[in-house]
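The exercises below are to be worked through with the sequence and the model at hand. Each task is followed by a solution in steps.

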Amino acid sequence: MGQNIVSQFDEAARKKVIEFIEAYKGTKGALIPVLHEVQEYFGYVPYEAQTLIAEGLDVPASEVYGVVTFYSRFTLKPTGKYKVSVCLGTACYVKGSSLVLNKIEEILGVKAGESSDDGLYSVEATRCIGACGLAPVMTINEDVYGKVTPDEVEAILAMYK
């Protein structure tokens, strides 16, 4: 993942977004692929990028914003290098996933839906991820941890420092 979180949208960031737009300009349905490129590069879809995309693809800014806020793949806020997710689906919840989430929030000092100040971690609560037999489940980026207990959380997170 090209984790290049930019605190300010500078000229280099602007040029990168324009590059993504140019790669898909004139292609039917270009909006979503361009948004994917921007999300992958920045770790989120900055407001400034949305404006450039609207202008570059000649679509209303409201449409760009609507797509970004509709699909869970896109986010308006910077995310951490490590995306820590806890499934709160029924099977996981019954097996104690809320306790796992509470422990993660306690250790990292951030609530679900937030990112740590150092930019390392984002925490989110998710719905069923389809690994009910491993309940409770937490993921860190693409790594899946099953049958997690609150006591194991600290050791798991330590592998990502």
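**Exercise 1: The enclosed strand and its sheet**

Five of the six residues of β1 are buried, so this strand is largely enclosed by the rest of the structure. Buried here means under 20% relative accessible area, exposed means over 50%, and partly exposed lies in between (1.4 Å probe, protein chains only). Helices (H or I, at least four residues) and strands (E, at least two) are DSSP runs, numbered from the N terminus.

The model is predicted: local features need pLDDT of at least 70, side-chain atom pairs count only at pLDDT 80 or more, and totals for chains, interfaces and linings use all residues. Residues are numbered from 1 along each chain as its sequence is written, and side-chain values use heavy atoms, with hydrogens and water left out.

*Task.* Determine the order of the strands in the sheet and the partners of β1.

*Solution.* 
1. Strands of a sheet pair through backbone hydrogen bonds, either parallel or antiparallel. Two strands are taken to pair if DSSP finds at least two bridges between them.
2. The open sheet has four strands in the order β2-β1-β3-β4, with mixed pairing. Its edge strands, each pairing on one side only, are β2 (121-126) and β4 (143-145).
3. On average, neighbouring strands of this sheet are turned by 20° against each other, direction ignored.
4. Strand β1 (residues 82-87) runs parallel to β2 and is joined to it by six bridges. Within this pairing, Tyr-82 has Tyr-121 as its bridge partner, and Cys-87 stands opposite Thr-126.
5. Towards β3, β1 pairs in the antiparallel sense over three bridges; there Ser-85 stands opposite Thr-139.

**Exercise 2: Helices on the sheet**

*Task.* Which strands do α6 and α7 touch or lie across, and how do these two helices pack?

*Solution.* 
1. Contact means heavy atoms within 4.5 Å. Axes are lines fitted to C-alpha atoms, for helices over the stretch in contact, and angles run from 0 to 180 degrees between N-to-C directions.
2. Helix α6 (residues 97-108) packs on the sheet and touches β1, β2 and β3 (138-140), its direction making about 150° with that of β1.
3. Helix α7 (residues 150-158) lies across β1, β2, β3 and β4 and runs at about 15° to β3.
4. The α6 and α7 axes are 9 Å apart, and the helices pack at an angle of about 45°. The two are therefore oblique to each other; angles under 35 degrees count as roughly parallel, over 145 as roughly antiparallel, 65 to 115 as roughly perpendicular and the rest as oblique.

**Exercise 3: Helix α3 and its neighbours**

*Task.* Identify the buried residues of α3 and the helices they pack against.

*Solution.* 
1. In helix α3 (residues 47-57), the buried residues are Ala-49, Gln-50, Leu-52, Ile-53, Ala-54, Gly-56 and Leu-57. They pack against α1, α2 (31-42) and α4 (61-70).
2. Ile-18, in helix α1 (residues 11-24), is partly exposed at a relative accessible area of 29%. Ile-18 and Leu-52 are 34 residues apart in sequence, yet 7.3 Å apart in space, C-alpha to C-alpha.
3. Helices α3 and α4 pack at an angle of about 125°, with their axes 8 Å apart, which makes α3 oblique to α4.
4. The residues Gln-50, Ile-53 and Ala-54 in α3 meet Ala-61, Val-64, Tyr-65 and Val-68 in α4.
5. Asp-58 follows α3 and has a positive phi, near 55°.

**Exercise 4: Aromatic pairs**

*Task.* How many aromatic pairs does the structure hold? Classify the pair of Tyr-71 and Phe-74 and that of Tyr-82 and Tyr-121.

*Solution.* 
1. Rings of Phe, Tyr and Trp (its six-membered ring) pair if their centres lie within 6.5 Å; planes under 30 degrees apart count as stacked, over 60 as edge-to-face and the rest as tilted.
2. The structure holds eight aromatic pairs. For Tyr-71 and Phe-74, the ring centres are 6.5 Å apart and the planes stand at 90°, so this pair is edge-to-face.
3. Tyr-71 counts as partly exposed at 38% relative accessibility, whereas Phe-74 counts as buried at 6%.
4. For Tyr-82 and Tyr-121, the ring centres are 5.9 Å apart and the planes stand at 40°, so this pair is tilted. The pair links distant parts of the chain, 39 residues apart, with Tyr-82 in strand β1 and Tyr-121 in strand β2.
5. Both count as buried, Tyr-82 at 15% relative accessibility and Tyr-121 at 3%.
6. Ring pairs also link Phe-9, Phe-20, Tyr-41 and Phe-42 into a cluster.
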